[in-house]
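Student: I have a model open and would like to learn how to read its features. Could you walk me through it?

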Amino acid sequence: MTIQVSGLTKKFKVKIRSKGFMRRVRSLLSPEYQWVNAVDDIDFEIDDGDIVGFIGRNGAGKSTTIKMLSGILYPTSGKAWVQDIEPYKNKKSNAKNIGVVFGQRTQLWWDIPVIDTFILFQKLYKISDADFKKRMDLFCQIFSMDSYIHKPVRQLSLGQRMCADLCAAMLHNPKVIFLDEPTIGLDIINKENMRNFVKYINKEFNTTFIITSHDLVDIEDLCNKVMIIEKGKLIYQGNLEKLKKDYSTQATILFTCRNLSPGGIEAGLLGDTVQISCTNELLTVIYNPQLHQKVTIISEILSHFDVVDILIKETSLEDIIKQIYVT
């Protein structure tokens, strides 16, 4: 087990902002505070080689959880182990095993060239010259870093800086990597490159990833498991496909047919819980995947109509996440 979390809780003391001039003056002399549960008694386990999507709204507790797992924050209560190390108690030992990328912050030195930061990390993590060269060649091949690796970080675009940050986090080949909004500011090409890079590192070295992202394409493309956090509490954890199956309540199949007429559709052809409509040559079937098998629906339509094309539209992950938040 790569990561184990038990009863992890983090509370912050927040000053209450008073309304009105006199109340504000009074609060300067006698301020009032309240405790806010950023992370509230969560438990989870992550296996070696998993790529886990950590999903939640802004302020739900994602970044706070990652900061505790990376040793930046000390929990109010509960415990966490990363590679059998409590990260907030053994920061140096934990730092050797993890890599962290925060989309809004950089670990690169602002005024020196990117390559100089990488060389500094090589010395810090005691990476051999052969391994360093091998990884630099890989980084340059995937992200075309040759064009900006000798530039100071302050001269890089946001997308270039994000790619360099990701490479810096992976330079020492850590067993666990935390990516907090890793594709923020990236163009389409670099987003695809970053996703392919994560897949390659995961497959080649069995590296475990925890990824937080508001871009659900990242989650669908990369992750085999998901965790959803809301107001500091984990409201779902499990397999991504199971999530889709459990919460998908509506799917659509579009059939393009020859010689289609509305009068040719039998009433109740697929049962009362399935909606069928037709426009010109397009037959639309809307159904609940939890009640009906799409194979059965397709087979039934094929037996009654001259179908030339089929398009299946399943419930998107974005719609499922919205549904979970509402409920």
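Tutor: Happy to! Let's begin with burial: buried means under 20% relative accessible area, exposed over 50%, and partly exposed in between, with a 1.4 Å probe and protein chains only. Keep in mind that this is a predicted model, where local features need pLDDT of at least 70 and side-chain atom pairs count only at pLDDT 80 or more, while totals for chains, interfaces and linings use all residues. Residues are numbered from 1 along each chain as its sequence is written, and side-chain values use heavy atoms, with hydrogens and water left out.

Student: Is serine 248 buried or exposed?

Tutor: Serine 248 has a relative accessible area of 8%, so it counts as buried. Helices (H or I, at least four residues) and strands (E, at least two) are DSSP runs, numbered from the N terminus. Serine 248 sits in the loop joining helix 9 (240-247) to strand 10 (251-258).

Student: Which residues is serine 248 in contact with, leaving aside neighbours within four places in sequence?

Tutor: Contact means heavy atoms within 4.5 Å. For serine 248, that gives Asn288, Pro289, Gln290, Thr315 and Ile320, once neighbours within four places in sequence are left aside.

Student: Why does alanine 130 count as exposed?

Tutor: Because its relative accessible area is 57%, alanine 130 is classed as exposed. Alanine 130 belongs to helix 5 (residues 129-143).

Student: How do I read a nonpolar core, and how many residues has the largest one?

Tutor: A nonpolar core is a set of buried Ala, Val, Leu, Ile, Met, Phe, Trp, Tyr and Cys residues joined through side-chain atoms within 4.5 Å. The largest one here has 52 residues, and Phe118, Phe143, Met145, Phe197, Phe209 and Leu243 have the most contacts inside it. Helix 6 (residues 158-170) supplies the largest share of this core, eight residues. Apart from it lies another core of 25 residues, including Val39 and Ile98.

Student: What does phenylalanine 209 touch?

Tutor: Not counting residues up to four places away in sequence, its partners include Asp50, Ile51, Val52, Met170 and Leu179.

Student: What about the overall fold: how many helices and strands are there?

Tutor: The protein has eleven helices and 13 strands, and 46% of its 327 residues count as buried. Along the principal axes, its C-alpha trace spans about 75 × 60 × 40 Å.
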